[in-house]
Amino acid sequence: MSPLLAALVVGALFAAGLRLLLERSIVRLILGLALIGNAVNLLVFTAAGTLRDAPPLVALGEGAPAAGHADPLPQALVLTAIVIGFALVSFTAVLVYRAYSELGTDDLDEMRRAEP
């Protein structure tokens with residue numbers, strides 16, 4: 001994937017996520033949160049550069065991997081972000097389900113009116 005195409009996809013995901021975050025429906029808020037999380041993951045991959053070089057293995061007797069190896073740090077960061085993002089979206093979905101079952105609506109304005 002070319003960097004320009006990746007930048008356009010990241011921008012489109014951020015724009016769609018922000019648009020969904022600004023909606024009154026709380027379900028769309030969750031979808032916007034998930035889209036922004038995926039956009040950030042793609043942004044980290046794009047910024048780090050996706051190399052298909054040799055794995056970062058250190059040969060016996062050397063202190064560092066040979067030149068031209070793939071950097072494992074962005075991959076580890078994105079993997080951790082995927083797990084945390086999934087947990088955040090799952091927790092938010094459970095809270096939304098609870099609020100919907102108590103109040104009978106997913107509209108944020110109607111939820112505010114239902115508060116004492």
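Buried means under 20% relative accessible area, with exposed over 50% and partly exposed in between (1.4 Å probe, protein chains only). This is a predicted model: local features need pLDDT of at least 70, side-chain atom pairs count only at pLDDT 80 or more, and totals for chains, interfaces and linings use all residues. Residues are numbered from 1 along each chain as its sequence is written, and side-chain values use heavy atoms, with hydrogens and water left out.

**Fold and shape**
- The protein chain has 4 helices and 0 strands, where helices (H or I, at least four residues) and strands (E, at least two) are DSSP runs numbered from the N terminus.
- The radius of gyration (over C-alpha atoms) is 20 Å, well over the 13 Å that the globule rule gives for 116 residues, so the protein chain is more spread out than a compact globule.
- That rule is 2.2 Å times the number of residues to the power 0.38.
- Along the principal axes, the C-alpha atoms fill a box of roughly 70 × 30 × 15 Å.

**Burial and contacts**
- Of the 116 residues, 16% count as buried.
- Contact means heavy atoms within 4.5 Å.
- Among contacts with a separation of 6 or more, 53% come from residues 24 or more positions apart.

**Helix α3**
- Helix α3 (residues 72-103) has 32 residues and should span 46 Å at 1.5 Å a residue; its end C-alpha atoms are 46 Å apart, which agrees.
- The expected span is 1.5 Å times one less than the number of residues.
- Pro74, Val78, Thr92 and Val96 are buried in α3.
- The buried residues of α3 pack against α2 (26-48).
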